[in-house]
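Please look over the sequence and the structure shown below.

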Amino acid sequence: MIAGSRRRRVTVAAVRYALLIGCALVLALPFAFMVSTSLKPHTLLLEYPPRLIPSDPTLDNYAQAWGANSFGRYFLNSSMVAVATTVGTVLLASMMAYGFARFRFPGRGVLFAAVVVGLTIPTMLLIIPQFLLAKNLGLLNSLPGLVPFYVGTQIAFSTFLLRAFFEQIPAELDEAMLIDGAGPWRRYWDLAVPLSKPALATCAIFTFLGSWDEFVWALTVINDVSQRTLPIGIALFRGQHGTSWGLVFAASVIAVVPVVIVYVVFQRQLVAGLTNGALKS
Amino acid sequence: MTTTTPAIGSIVPGAAGAGRSTSGSPRRRAAWAGLAFIVPGFALYALVIAYPAVQALLISLRDYKITPGAISPWIGLDNYVRALHDPVLLRSFVNAAVYMVATVPTQIVIGLGLAVLLNTALPGRTLFRVLFYLPVVTSWVVVSLLFQYLFATDNGIVNYLLVDVLGVLNQPVDWLGQRWTAMVAISALGIWKGVGWSMLIFLAALTGVPRELEEAAALDGAGAWRRFRHVSLPHIRGAMTTVVILLVIGGFNVFTSVLLMTDGGPLDQTQVPLTYMYRQAFGYLDFGYGSAISFLLTGLVLVISGLQYWWARRATRDGAA
């Protein structure tokens with residue numbers, strides 16, 4: 001009886017692994033072809049039948065992609081925009097969340113509701129009026145001009161997440177600081193912020209990934225080559241180089257690697273933030 | 001979509017400390033401090049989100065002219081009337097609905113299946129979870145180009161697999177050159193990119209199912225399927241509702257993949273509402289009509305989500321009764 005159940009357990013585990021590995025292979029295959037194509041010499045890109053393992057792999061495409069058409073510039077542009085957006089969003093959202101969580105004032109409920117509604121507005125609904133707004137503010141075709149729009153788009157999610165976090169900080173801690181004569185700003189900066197590092201990290205990661213990958217808004221407002229971000233650079237690589245896929249995918253791999261690193265390192269925070277956000281709404 | 005209302009009655013330390021004082025002034029000071037924390041972020045939010053949201057509606061009621069100095073006359077609902085008679089827009093909604101029907105149930109079944117497989121103490125569990133989620137974090141631009149490459153007509157890898165390896169087809173298919181085959185390719189991308197997300201949500205929900213309940217059911221002789229059907233599934237109903245609603249919303253809002261893989265072509269055959277809106281607005285500079293399309297899409301999605309939510313609530317109530 002016990003031996004039978006053990007054999008059964010082993011069988012179940014084996015089937016489980018087989019299914020998981022099968023799915024993993026199917027999901028990984030497109031990535032494998034992306035990397036493989038990026039390593040093939042230019043002449044071999046149209047090889048038939050296609051081979052997953054390149055016969056003589058080369059890093060030429062990477063060298064060419066990095067050197068070509070200010071690609072390094074795009075990478076730098078994206079980095080600057082993503083960092084500025086992340087800092088701005090986390091700072092403004094945490095302040096807002098703190099105000100909503102720890103103070104009472106007239107209109108608090110209405111203002112918070114207005115922020116929450118923002119979570120449900122599809123970003124594409126706003127793209128036309130936002131474009132006109134950017135035009136009127138002189139923010140078209142400008143790399144720094146992307147930042148306020150990215151922060152505005154991302155701020156609602158972080159505020160929502162952080163408010164719940166700040167509300168859980170015990171009131172006694174605030175009161176202890178109050179007795180010491182600490183003002184609101186010090187209670188925020190010296191108490192709430194250090195206690196909320198995991199939640200702040202989650203917000204920072206989401207914001208960073210969101211602005212690093214943002215495509216449509218940048219495509220719409222940026223014209224100058226020198227102001228382009230990485231996603232536009234990659235999308236336009238396709239046309240410029242007569243669809244030389246080796247180059248396109250070398251550029252893609254360069255763009256994806258930071259995301260994968262951030263994701264793998266911080267996946268625990270990401271998962272927590274994501275499931276909290278989805279399951280609470 | 002609904003959201004929890006903020007807990008207005010909650011005890012707020014700043015206010016509580018102020019309340020003990022007999023004068024009104026510390027309380028008022030706390031109120032100003034609260035506002036001071038909110039104003040910078042909220043002002044930005046109001047400027048780039050709330051104000052444009054109102055503008056979007058107003059623009060949709062105009063014959064909007066972008067040329068400086070030109071007058072944009074109010075035309076009431078003309079843009080909406082035009083939309084209702086636009087065969088390309090109708091086709092774009094049909095395409096989005098097809099995409100939705102093709103991708104949502106598939107993502108849920110595969111995502112739930114993967115979550116069930118991973119919902120156990122299994123060596124390598126984290127590795128699988130990270131791997132399955134990788135397509136979700138990869139940018140839409142990169143994966144759209146990748147799938148365009150995989151579904152290429154000549155020397156494309158999908159054609160190679162189907163014609164030469166599996167022998168299912170006699171000759172290569174021009175996947176992105178025709179309406180329905182292009183929808184297959186675009187849907188395949190949607191499923192591949194999305195399953196990791198629903199897996200993750202389901203996995204989190206399954207972790208919340210009490211072990212004792214499962215064990216009790218097992219002791220009662222319930223097989224794996226019956227335990228799943230009668231113990232796990234009722235527990236993750238809330239997560240299921242969330243996933244369905246969010247996936248349907250996402251399905252109707254499909255954009256980047258279509259823009260990059262077909263750009264709505266050939267001859268507008270694969271337009272979806274957002275690519276068509278984008279074409280009208282930033283291709284033809286018809287901002288009024290573009291905004292009307294956005295609002296029609298948003299309205300439709302809202303109605304569908306509302307119906308789903310109402311239906312899920314009713315089902316839960318009936319199940320509990």
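**Briefing on the predicted model**

Chain A has a mean pLDDT of 85, and 91% of its residues reach 70 or more; pLDDT is the predictor's confidence in each residue, from 0 to 100. This is a predicted model, in which local features need pLDDT of at least 70 and side-chain atom pairs count only at pLDDT 80 or more, while totals for chains, interfaces and linings use all residues. Residues are numbered from 1 along each chain as its sequence is written, and chains are lettered from A and ligands numbered from 1 in the order in which they are written.

**Confidence in chain A**

- Among the elements of chain A, the lowest mean pLDDT (67) belongs to helix α13 (residues 267–280) of chain A, and the highest (94) to helix α10 (residues 216–221) of chain A.
- Where pLDDT is low, the predicted coordinates should not be read in detail.

**Overall form of chain B**

- Chain B has 14 helices and zero strands; helices (H or I, at least four residues) and strands (E, at least two) are DSSP runs, numbered from the N terminus.
- The radius of gyration of chain B is 25 Å, well over the 20 Å that the globule rule gives for 321 residues, so chain B is more spread out than a compact globule.
- That radius is taken over C-alpha atoms, and the globule rule is 2.2 Å times the number of residues to the power 0.38.
- Along the principal axes, the C-alpha atoms of chain B fill a box of roughly 85 × 75 × 40 Å.
- Of the 321 residues in chain B, 40% are buried; a residue is buried if 20 or more other C-beta atoms, placed from the backbone, lie within 10 Å of its own, exposed if 12 or fewer, and partly exposed in between.

**Domains of chain B**

- Chain B is divided into domain 1 (14–60) and domain 2 (78–320), with bounds that come from an automatic or database domain assignment.
- The C-alpha centres of domain 1 of chain B and domain 2 of chain B are 38 Å apart.
- Four residues from domain 1 of chain B and seven residues from domain 2 of chain B take part in the contact; two residues are in contact if their C-beta atoms, placed from the backbone, lie within 7 Å.

**One residue: B:Asn95**

- B:Asn95 is found in helix α4 (residues 87–118) of chain B.
- B:Asn95 is buried because 26 other C-beta atoms lie within 10 Å.
- Leaving aside neighbours within four places in sequence, B:Asn95 is in contact with B:Met183, B:Thr270, B:Gln271 and B:Val272.
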